Amino acid sequence: MTKETWLLTGGAGYIGAHIADEFIRAGKSVVIYDSLYQGLEHRIQYLRTKHNIDIPLIKADIRDYNELEGVIRTYKIDGIVHTAALKAVGESMEKPDEYFEVNLTATNELIDIAKRNSVKKFIFSSTAAVYGSPDTMDPCREDGPKAPISPYGDSKYQAEAKVTAFINTPGNHGTSLRFFNVVGTAAPELLDNSVENLVPIVLGKLNKGAAPEIFGTDYPTKDGTCIRDYVDVRDIARAHLAAADATQPLPPALNIGTGRGASVREVINLVLAAINKTDTQVIESPRRSGDPAFLCADINLAKSAMGFTAQYSLEASVKSLF
Ligand code: UD1
């Protein structure tokens, strides 16, 4: 069998670079397409050295459709993992048009380009944000209610429709993977550089000698703080490989989580324990608007459809950061 070549949009990002690492390990060729707006070139340099191979890196915007089509033709791409996106929920409220342009319009265009060039496989990075802010304590099922509350979640949800139409075309293969809260790293060189999520925020504060902050301690949960499903980025990468290599047709969307919930207080305590600072003061602040008390994945479909279950515990994910 000839070696498959995969285009990884956003492949210099935190998640994209982990997918590149996993695909190369599994014997696939990868081509990285990244604007480097949030992606980091040194992640690709690290992967080139680690695997001792050349990895093409095309520095271009996902909205540069001529460039995208040229790259797909030049490298004879077999499959696309599309992680390039804007991903800050708060920012999406301020710049909805830009979020729809980058996350929805560009995905639609990319799929049209893929179709014109006989690319048969497409795996889309979607998000638990498609479920919005459910008021139940039940794990989210893929076929349950979708009610995104941010332009970020809405842009991803609408883009899923185009992916679904693509994979429903005979001969095509793929799915949308809905990531829950992504944590951990395979190597210090691939660390999350965002300042958006709980664990990076807590680490940033501790580095500056500031106290971590909990948004809301009066939720109807075991310790009053929000419950989320924290899934290791290495498991996210494994899920992409499972989707790429699945021999059966996949459902249009799959949750990628652990199926286990952890509270904000538990996460902060794990981080403090990892750095031997359990006596650090933690600030208890009011709720942040839009946060559901509970958001966890029902993971049965990913298991039955492609044999995927997450392997890393939250403890292991947190430890990987140090
Ligand atoms: C949201 C999105 C998710 C997106 C992520 C990144 C939804 C449903 N989910 O996840 O798709 O990938 O943002 O922007 O919209 N917290 C604190 N203190 C802090 C920071 C966070 O207590 O300093 C709490 C939050 O209130 C929340 C939990 O930690 O309960 C996780 O927050 P965060 O990492 O921002 O992710 P989500 O809001 O769950």
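Strand E8 makes the greatest contribution to the shell around the ligand in this predicted model, giving three residues. The shell holds 21 residues in total, and those that come nearest to the ligand are Thr127, Leu198, Glu213, Arg228 and Asp291. Polar pairs can be picked out at several points. An oxygen atom of the ligand sits 2.5 Å from an N or O atom in the side chain of Asp291, and an oxygen atom of the ligand is 2.8 Å from a polar backbone atom of Leu198. For Asn197, a side-chain N or O atom is 3.3 Å from an oxygen atom of the ligand. On its own the ligand would expose 740 Å², of which the protein buries 91%. Two elements give two or more residues to the shell: helix H7 and strand E8, the latter spanning residues 213-215.

Helix H7 deserves a visit of its own. The helix runs over residues 198-207, and its buried residues are Leu198, Val199, Val202, Leu203 and Leu206. Viewed down the axis of H7, these buried residues fall within an arc of 125°, so they line one face of the helix. Their cover includes strand E7 (181-183), strand E10 (230-232) and helix H9 (264-274). Just beyond H7 comes Gly209, with a positive phi of about 80°.

In soluble globular proteins, nonpolar side chains tend to be buried together. Here the largest nonpolar core has 40 residues, and the members touching the most others are Ile256 and Met306. At least two residues of this core come from each of strands E1 (5-9), E2 (29-34), E6 (173-179) and E11 (253-256), and from each of helices H1 (14-25), H2 (41-51), H8 (233-245) and H10 (300-306). Leaving out residues up to four places away in sequence, Ile256 touches Met306 itself, along with partners including Leu177, Phe179, Ile236, Ala302 and Phe308. A second, separate core has 31 residues, among them Leu7, Ile62, Ile80 and Ala114.

Apart from neighbours within four places in sequence, its contacts are Gly16, Ile19, Ala20, Val30, Val31, Ile32, Tyr33 and Val81. The C-alpha atoms of Leu8 and Ile123 are 9.7 Å apart in space, although 115 residues separate the two in sequence.

Thr9 also lies in strand E1. Its relative accessibility is 0%, so Thr9 counts as buried. A polar atom of the Thr9 side chain is 3.1 Å from the backbone nitrogen of Ala84. With neighbours within four places in sequence set aside, Thr9 is in contact with Tyr33, Ile62, Ile80, Val81, His82, Thr83, Ala84 and Leu110. Tyr33 and Val81 are among the contacts of both Leu8 and Thr9.

Ala186 gives a contrasting view, from the loop between E7 and H7. At 40% relative accessibility, Ala186 counts as partly exposed. Apart from neighbours within four places in sequence, Ala186 is in contact with His18, Asp21 and Arg234. Between Ala186 and Cys140, which are 46 residues apart in sequence, the C-alpha distance is 27 Å.

How values were computed: Residues are numbered from 1 along each chain as its sequence is written. This is a predicted model: local features need pLDDT of at least 70, side-chain atom pairs count only at pLDDT 80 or more; totals for chains, interfaces and linings use all residues. Side-chain values use heavy atoms; hydrogens and water are left out. A nonpolar core is a set of buried Ala, Val, Leu, Ile, Met, Phe, Trp, Tyr and Cys residues joined through side-chain atoms within 4.5 Å. Buried means under 20% relative accessible area, exposed over 50%, partly exposed in between (1.4 Å probe, protein chains only). Helices (H or I, at least four residues) and strands (E, at least two) are DSSP runs, numbered from the N terminus. Contact means heavy atoms within 4.5 Å. The arc is that of the directions from the helix axis to the C-beta atoms. A residue is near a molecule or strand if one of its heavy atoms lies within 4 Å of it. A polar contact is a pair of N or O atoms within 3.5 Å; within protein, one must be able to donate a hydrogen and the other to accept it, and residues adjacent in sequence count only if both atoms are side-chain atoms. Accessible areas come from the Shrake-Rupley method with a 1.4 Å probe; for residues, only the protein chains shown count as cover.
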